[in-house]
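Hi,

Here is the structure I promised to pass on to you. Have a look through it first, and then read my notes below.

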Amino acid sequence: MRRKNWELKGIFWIITLLFVGFLAAPILLLLGKSLVGEGGFTWEFYASVVTREGFLTALGNSFAVAAASAVTATVIAFLMAYAVHYTGLPRWAKRFITAIATLPMFLPTITYGFAIIYSFGKQGLLTRLLGRQFFDIYGFGGLLVGYVIYTIPVAFLLIHNTMGFVDKKTIIVSKAMGDRDLATFWIAILRPLLGTLAGAFIQAFFLCFTDFGIPASVGGGYEVIATLLYNQMLGGIPDFNRGAVIAMILLIPSIGSICILQLLERFNIRYTRISQADLRKNPLRDTGWGVSSTAISVAILSIFAVIFVVPLVEEWPYQTSFSLEHFAAVFTDSELITVYWHSLVMALLTAFLGTLAAYGAALITARSTLPPRYKRVIESIALVTNAIPGMVLGVAYLFLFSGSGLQNTLLLMILCNIVHYFSTPYLMMKNSLSKMNAGWETTAMLMGDSWLQTILRVVTPNALSSLIEVFSYYFINSMVTISALIFIAGARTMVLTTMIKQLQYVNRFNEVFVLSLLILATNLIAKGLFSCLASYKASHPVKERRSIQLFGNRKEAVQ
């Protein structure tokens, strides 16, 4: 037992030191930058930022557009999830709705803005097809559309997953008790989802409030706090102290969101048994939900259609004849190909190392006999990383690692991604490991196997499908992230998302869309491959009998 604890303690200290060096130290330095000037401790920077003309307006703009977008995204996500779980639509239709709802997560947010410009602008694809421009794309309208598209996948996945654990026999019981349709809807569907719906809203709000990619393309004169931070740090005259103040202010709603999510846990209804009741046939209901879901799906697809159209014509919108010259220009440009390889290497290494970190942390909290204080540290790390926006982390890294050997390196970007996205992979692995037989390690010790042999031979094969899902999560998010990397990527370590931002400055939008399609194709291929592997491993689990046999074989070999 002592040997096992020693190994687990080694993993604990590696993970702890990783987050002390690449989370705690950067954030503390950022706090110091915001409070310490040449003369020592001061509130001057906070006072000057808060009283500065335009700051409170930008802060109010951020709250307004983030709240409106979060409400809209949550409602749309609920409608799509309801169509999947509570209608008699064909299975292929439900799969199509799910695929469309999650499609935007495979593209970087900065691409959404350019898609909106080329769809709803004065010469946009949808504007030309429909004969009029529906709204001003620069400002609140453009941000609202972009944010809604950005946050639908997160809200949909939260609601969709929870709906799968709602006991559907409650609908039958409610009808048998003579409840009206609205009462049944409230009792059997809406009431069990209140905590999840509130959580979906808060998650969407948090993502909108802290996103940089969409305001960078369609923000226009409608300034939000994310663009204010970018301009303060990387503008014509950078002001690091006041930039640190804005970054710290950006943390406040993030931390508040996490605290509210913790409180909302009490509103989640947990069933002792989940029953999957067959829904009554209702052609009118299914037709109505089918039409509404199709309309939502077509609306989402129509915005992204321009990404496929523009790079395949000579010059949009003036010469619309088919051409592959833009693709040829990108794939023959050695600089752009190098940038793609940087993204691929960064995503693969982030996924590999991040999966190891999440797995090690989950082993400590889910499958160890270490004292509770060790587990509380890991849980606290996961909670904190979930509350740190990418922009704040990027600015903190800019301060801490400037002038060091890590400055502008792929290694720093990889470490940043591991820390930034740690929370969800850790929770995925913890939930998976918690469901396994709790006696494997004890049996192994009695049979003479070491803890490491048990993990490699028994636990890891049984957790392989979850490990693949975690690898996929890290890979896809690393391919599309921009908020943190925009501050720490260098000229020689440019990745696709930061290159897209550079191409925006010189109006090379054809290359922007080609690179966006390259990201989309890479992520879809990776997702398909990882999903197939995870499904195969999940359908062919390592039998517990085989696990015990491994212990027995090991014992026989020792004897």
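What follows is a short tour of the confidence and the aromatic rings.

This is a predicted model, where local features need pLDDT of at least 70, side-chain atom pairs count only at pLDDT 80 or more, and totals for chains, interfaces and linings use all residues. Residues are numbered from 1 along each chain as its sequence is written, and side-chain values use heavy atoms, leaving out hydrogens and water.

The chain averages a pLDDT (the predictor's confidence in each residue, from 0 to 100) of 84, and 88% of the residues score at least 70.

Now for the rings. A pair of aromatic rings is described by the distance of the centres and the angle of the planes. Rings of Phe, Tyr and Trp (its six-membered ring) pair if their centres lie within 6.5 Å; planes under 30 degrees apart are stacked, over 60 edge-to-face, and the rest tilted. The structure holds 30 such pairs. One of them joins Phe-41 and Trp-43, edge-to-face, with 5.6 Å between centres and 85° between planes. In Tyr-118 and Phe-509, the centres are 5.7 Å apart and the planes at 55°, so this pair is tilted. Both of these residues are buried (under 20% relative accessible area; exposed is over 50%, partly exposed in between, with a 1.4 Å probe and protein chains only). By contrast, Phe-41 is exposed at 55%, and Trp-43 is exposed at 56%.

Finally, Phe-63, Phe-201, Phe-205 and Phe-209 form one aromatic cluster.

Happy exploring!
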